[in-house]
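Please look over the sequence and the structure shown below before reading on. The report then goes through the model part by part.

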Protein chains: 2
Amino acid sequence: MDTESVERVLSVQSHVVYGYVGGKAAVFPLQCLGYDVDVVNTVHFSNHSGYGRSGGTKATAAELNAVFESMERNELMVPTRLLTGYVPGAEGLSAVAGLARKLRSEKPDLIYLLDPVMGDSGKLYVAADVIPIYRELLPLATIISPNWFEVETLTNVRLDSLQSLRKAISILHDTYHVPHVVISSMPLTRWLYEALPPSVRPPTDEDQLLCITSSAPSSCSPSSAASAQAQLPTVHALCVPLLPGYFSGVGDLFSALLLAHFHRAPSTCISSSISASPSPSPSAHEPPTSAGPPTSPIAHAAAHALAVTQHILRLTHEHALTLPAEQRLPSDDELDAAEPLRKIRRMRGRELRLVQGQAALRGVGVEVRPMQVWEDFWGA
Amino acid sequence: MDTESVERVLSVQSHVVYGYVGGKAAVFPLQCLGYDVDVVNTVHFSNHSGYGRSGGTKATAAELNAVFESMERNELMVPTRLLTGYVPGAEGLSAVAGLARKLRSEKPDLIYLLDPVMGDSGKLYVAADVIPIYRELLPLATIISPNWFEVETLTNVRLDSLQSLRKAISILHDTYHVPHVVISSMPLTRWLYEALPPSVRPPTDEDQLLCITSSAPSSCSPSSAASAQAQLPTVHALCVPLLPGYFSGVGDLFSALLLAHFHRAPSTCISSSISASPSPSPSAHEPPTSAGPPTSPIAHAAAHALAVTQHILRLTHEHALTLPAEQRLPSDDELDAAEPLRKIRRMRGRELRLVQGQAALRGVGVEVRPMQVWEDFWGA
């Protein structure tokens, strides 16, 4: 079966000329994994915003719609998967939402990964009027990949305890009907560390991030093999080391890899009871659209996405260490503000090493650690 | 030496959401060959013009300049190689010309591949006012990759005899000071077939295209080993089979591969007398910026670019044959005009199979036939 040609991703996110965020961080990895990618650019900037200044243009809603309509008119709006990331402003996001609604209604099998890019580390970096639009988009998604702050923003739940984490994930599954929730990088705070089951807990809570996946109970009839426990979402988790310093585009890369490695379950009915066992460590070389393990496709995908993202981050970190001192001056808001190039040079040296790490993008030399099931997440 | 990180391409050409022309045909191959690519999009269209209709926007000269200026201000305008392709309109092309002039003056070692995209098969598909701008750009280029019609347009020489071909190539070298001229696909007309030396001539002139490279005499002093013959440009040629039907983006792919496989000569002094021997069949796996053979870097690059482009075209052709009949109806201007989707479906089925052929892009399984020297091109 010509898997490469049957799976096609429509990627809608930002474009930067220099460096790797948005589409530049997502499209090449998807292509390396065999996907044809249709690439819609929501902005056309010289570089990402982390540099402190950039130049370029944003696509208006009218411009985005013109492209979408032309593709439909020409029978070219034929993706099997949709990936949406950063869209500047409510108008543009509404245009993307319109497209997502149309594709969802026309293609029940569409796999839609929604990365609700709104902010990070407690700071919103989009206008607040996009938040309700992202909430409207949630029921259309197959997978969402918010960071912890975006989870808080979408659910209005402050994540400060296991109870609050349960509540937020429940809202995403039950109120917004999201089948698969992936929180890629939660700081391993004390409460989170202590809530972890031994199988997931690292030796220390220092310099660790936690990735959590949660899959809603399948819509199988009770007559199926699903146990009572299967009526609760299945939660998997894995800790990964936190590398020092700030990297841009990591979430965009992770989301693209998550979508690429998410395999359609053999049946649309995923039994949570079966998926409650950790997925076996899969070969990182499997074709992107092979059937994959019959259970917990999201834990399988997240394990691969985490391993490859970590590999690229290590390459990037190691490269940054080889740069001249003036290109890796530590972050300092005052000095950075006084001398913009100070920050710019640091950012330039920390662009993701995607091209140099392309073998890893294809899975070569990447050791994949399986996600661990969080047995009693919902309480014993 | 970390060759991947020291060579960086700035690609300035069109972007289509669906399919593979312009940047979509050039960037992925360059990335697969280890180049970081800075990607400037001169248009943002739904699909290429060959479909007959498309939607989207063109970047204005002001928008392009804003991006260029922001990159310079942020010390991000640091390419070692420049690739320019389709730019819509004289204003936009002037902006690109301004950038090329600046880069050339600041970076004497810059390798600039100029693909003067103006038309094909006797038809101009840009406004005539871009022609003088392309002529102004020629002296800035390291390599140009016009098709035969663009050679005619640039030189005002009609190519209908060996004499006229000599004259046109001489004008490009002598009047416009272009070091390396590559004419990728000349129809093997009778006069051209008969002019070919036996080492290059195929068994028949049917269904063949000729690729010609010409390198200007080196700037070595006469005291060098260069023979008298070395004072004439060195011409290499190779015939490739012509595949039936029309493919889009082939020239864009070829130019990207040509740039990727063009190795800097160990010295800036290339002795034509030495390069007058055919380059050995090189491994298709050599890193993109390894030293390569000491002579005729352009013949080496063209041999690789031809082999890989042919491989991708064969994959694309074979795939098209597997499509349902209604997606590969023969070209028919009347029927196509009456039913636009007739042409659109044909075009869709003939998009380059770059993703599926990515191993070949990296040289895997590609047999490279060396270019043959055209001994008496300038006359015995």
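The model is predicted. Chain A is superposed on chain B by a rotation of 180 degrees with 0.0 Å of shift along its axis, and the RMSD is 0.0 Å. The two copies are thus related as by a two-fold rotation axis. Which residue of chain A comes closest to that axis? A:F28 does, with its C-alpha at 3.5 Å.

The copies meet through the same surface, because 100% of the interface residues of chain A are also interface residues in chain B.

Is A:Q358 buried or exposed? A:Q358 is buried, since its relative accessible area is 8% and buried means under 20%. The side chain of A:Q358 reaches across to the backbone oxygen of B:Q31 at 2.8 Å. Leaving aside neighbours within four places in sequence, A:Q358 is in contact with A:F28 and A:C32, and with B:Q31, B:C32, B:G34 and B:R362.

Chain A has an open sheet of ten strands with mixed pairing, in the order β3-β2-β1-β4-β5-β8-β9-β10-β11-β12. Strands β3 (56–58) and β12 (372–373) of chain A stand at the edges, and each has a single partner strand, so one side of each is left without a neighbour in the sheet.

Strand β1 of chain A, residues 8–16, is mostly covered, with nine of its nine residues buried. In the order of the sheet, β1 stands between β2 and β4. Eight bridges join β1(A) to β2(A), residues 36–45, and these two strands run parallel. Four bridges join β1(A) to β4(A), residues 81–84, again with the strands running parallel. A:S11 shows both pairings: its bridge partner in β2(A) is A:V39, and in β4(A) it stands opposite A:L83.

How does the chain get from β1(A) to β2(A)? With helix α2 of chain A, residues 23–32, these two strands make a right-handed β-α-β unit.

Further along the sheet order, strand β9 of chain A (residues 180–187) is joined by six bridges to strand β10 of chain A (residues 208–215), and this pair runs antiparallel. Here A:M186 stands opposite A:L210 in β10(A). In general, strands of a sheet pair through backbone hydrogen bonds, either parallel or antiparallel.

The pairs described above are listed here.

| Strand pair in chain A | Bridges | Direction |
|---|---|---|
| β1 (8–16) and β2 (36–45) | eight bridges | parallel |
| β1 (8–16) and β4 (81–84) | four bridges | parallel |
| β9 (180–187) and β10 (208–215) | six bridges | antiparallel |

**Buried helix residues**

Helix α9 of chain A, residues 250–260, is mostly covered: nine of its eleven residues are buried. Among them are A:L257, A:L258 and A:L259.

A:L258 is also one of the residues touched by A:I298, which lies in helix α11 of chain A, residues 297–321. A:I298 counts as buried, because its relative accessibility is 0%. Not counting residues up to four places away in sequence, A:I298 touches A:I143, A:H180, A:V182, A:T213, A:S215, A:L258 and A:F262. A:I298 and A:H236 are 62 residues apart in sequence and 9.1 Å apart in space, C-alpha to C-alpha.

**Cysteines**

How many disulfides does the structure hold? Over all chains there are zero. B:C211 is one cysteine in no disulfide, and the nearest cysteine sulfur, that of B:C239, is 9.7 Å away. That distance is too far for a bond, because a disulfide needs sulfur atoms within 2.5 Å. B:C211 is buried, with a relative accessible area of 0%, and B:C239 also counts as buried, at 5%.

**Two residues with positive phi**

A:S121 is found in the loop between β6 (119–120) and β7 (123–124) of chain A. Phi of A:S121 is near 50 degrees, a positive value in a residue other than glycine. A:S121 is exposed, with a relative accessible area of 58%.

B:E75 has its place in the loop between α3 (61–73) and β4 (81–84) of chain B. Its phi is near 55 degrees, again positive in a residue other than glycine. B:E75 is partly exposed, with a relative accessible area of 25%.

Definitions and conventions: Residues are numbered from 1 along each chain as its sequence is written. Chains are lettered from A and ligands numbered from 1 in the order in which they are written. This is a predicted model: local features need pLDDT of at least 70, side-chain atom pairs count only at pLDDT 80 or more; totals for chains, interfaces and linings use all residues. Side-chain values use heavy atoms; hydrogens and water are left out. Buried means under 20% relative accessible area, exposed over 50%, partly exposed in between (1.4 Å probe, protein chains only). A polar contact is a pair of N or O atoms within 3.5 Å; within protein, one must be able to donate a hydrogen and the other to accept it, and residues adjacent in sequence count only if both atoms are side-chain atoms. Contact means heavy atoms within 4.5 Å. Copies are superposed by least squares on the C-alpha atoms of residues with pLDDT of at least 70 in both. Two strands pair if DSSP finds at least two bridges between them. A crossover is right-handed if, with the strands pointing away from the viewer, the path from the first strand over the helix to the second runs clockwise.
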